[in-house]
Amino acid sequence: MMDIIGYGAFFLTTALIFSFITLGLNLQWGLTGLFNVGLAGFVAIGAYTSALLTTPDTAGRFGGFDLPILVGWLGAMIIAGLAAAIIGVATLRLKSDYLAITTFGVAVVVQLVALNAQKLTGGPFGIGFIPRPFSNLAETPLLFNLANLGIVVVALLIVYFALEHLVKSPWGRVLKALREDERAAISLGKSARFYRVQAFAVGGAVMGLAGAIQAHFIGFIAPDNYLPILTFQVWVMLIVGGSGSNKGAIVGSVLVWAIWAGSGALTSILFSPEQQARAASLQIVAIGIMLCIILLVRPGGLFGNMPRRRSAVAPQQKTAEDKNSAAS
Amino acid sequence: MNLQFIIDGLLTGSMIGLGAIGVTLTYSILRFSNFAHGDFMAWGTYATLAVVSAIGAIFGKVAPIGPLSFGWPLIVAVIVAMGFTGVLALALDKVLFARLRAKGQSIIVVMASFGASMALRSLLEFLFTSRPTYFSRAIQIAMPVGFGIRITPDQIALLIVTALLVFGVHMLMTRTQTGRSMQALSQNPALARVVGINVANVVRVTWLIGGGLACVAGVMIGILVQIRPLMGFDMLLPMFAAAILGGIGSVPGAVLGGLIIGLAEAAAVQLIGAEWRAAISFIILMAVLFIRPIGLFGVRER
């Protein structure tokens, strides 16, 4: 029984850490319509920043400033947010696809730096001995897990309410207006690019925070934690939960992580150890197809509130709508 | 500095350029960046490998042509696999992209291509495992051609093939009715429809060309480097960077962009070390976006 509670707390902590990333993505995509396919890069920047700030000094590696965990979290947000702002300045005056390509590049480069800049990141061996909150409770795993869950929930509530507040603030309304009708918003004197860079930076900062929290929860980071598969999982979480809704982002994260962990457990039961690498790739195929089907059938997700944009140059869309109204 | 990087760069550049033609065509005609394009490359290569093995099973061991490392089975296989990859791209368009395009939100199509990319790549891993394979394990002797440069017969053949293919696509785009329809559709879709251009046909040709060239680029990687499920995905960033550097929609631009990135990568390997080569395309990409976002041959977006 205690084991189940302990595992439940561990599972929920992992899932909720994902939901930070999903919330950051929701601000970028759901609210502002900015397409980030390199979010794993921003998560990694946060994780490494916080690890460098809080670990004790290590020979042969830069940093190890032995600062408190909260400073690490803050540093992670600032550096990841800055990185996002620079990317935003370069790409947000261009067509939306450029942002997708550039963020994809960010993830590739961050991965490369994590692997090769041994002096900074520990290379393929990663960084260990990252201080964990409540490490004095580590002897009683149950208490330790619950305490960690507690701190993640508190942090999540703070981020959630902050983001909800932002959405409802005049700032959030400008972002929505830009998403829905850019020309109208610009004609009201709002600088589209400036607001988008801000939204992208704030989203990046939240992703960085997620990376930092995860690093301190596990106590160890390595380049392999931040592969494109992470980006992909978070996207599925947001689409399932519903773009545009912060509640949806959290529910989607827990739901998709449950499916992911469940199917992982299932494959480890069904397949022999030699076959498990193959089964894992089949798991990714299934999630990829799931994403495509959701996009086709129910692009709004569970809680989505992103209205479909009408496009002036899509005559097919009009006929599709006519058909719908005729059918109903 | 050793001049060998010129040959290495031209070869890498050919692979990037051939792939980037497909990227730039899908972007300018169908108006989305296709993240699954790299995976078409890998699928084409594995299809070629499958056909080569099938021919090997039927005809036994076939002697390679002259000094090359491969014989006629590979050439037959590439042609078959080009068709296969084109049809694969068409099929994916039919079940996924075309339906989402009809809804009129281009970025949703990009997202779907990202999902499709993950699914396609992992399916390859499931079918063939992630272990690398090769068309031939024979080692070719590189011939010195002066200035400290060496080149293998395979490399010469592949450079010629690239030149022929690029010339062919350029002719198709500029001298045939289909090619002119493609250009018209990329420059002004509304007007192109008004003058009665067969959009469905143009879309079909776009996917066939893109898929076929991706297949050839993949096979080149397979011959010169190795065959892995990730091979195409790793090429995605260089291909995008080449398409943007050359100017979206321009076939010669994509090829030139590919060559520039290939040469820059090869030079970087010598100057700062092989482990950083993947960062080169990103640096070039960012530089282009800051300095001249329409690229070398691009037309300003309307």
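Which residue forms a salt bridge with Lys168(A), and how far apart are the closest N and O atoms? The partner is Glu164(A), with those atoms 3.3 Å apart; a salt bridge here is a side-chain nitrogen of Lys or Arg within 4 Å of a carboxyl oxygen of Asp or Glu. Because Lys168(A) and Glu164(A) are four residues apart in helix H6 (residues 141-168) of chain A, about one helical turn separates them. Helices are DSSP runs of H or I with at least four residues, numbered from the N terminus. Over all chains, the count comes to five salt bridges.

Before we go on, a word on conventions. This is a predicted model, where local features need pLDDT of at least 70 and side-chain atom pairs count only at pLDDT 80 or more, while totals for chains, interfaces and linings use all residues. Residues are numbered from 1 along each chain as its sequence is written, chains are lettered from A in the order in which they are written, and side-chain values use heavy atoms, leaving out hydrogens and water.

Now let's turn to where the chains meet. The contact (heavy atoms within 4.5 Å) takes 50 residues from chain A and 48 residues from chain B. Together they bury about 4500 Å², 76% of it on carbon and sulfur atoms; buried area is the accessible area (1.4 Å probe) lost when two parts are put together, summed over both. Zero salt bridges are counted between chain A and chain B. On the side of chain A that touches chain B, helices H3 (69-91), H4 (96-116), H10 (228-241), H12 (276-297) and H13 (315-327) of chain A each supply at least two residues. H4(A) gives the largest share of that side, 14 residues.

Finally, look at H3 (72-102) of chain B, which together with H2 (37-59) of chain B supplies residues of a nonpolar patch. H3(B) gives the most to this patch, with five residues, and Val80(B) has its place in helix H3 of chain B.
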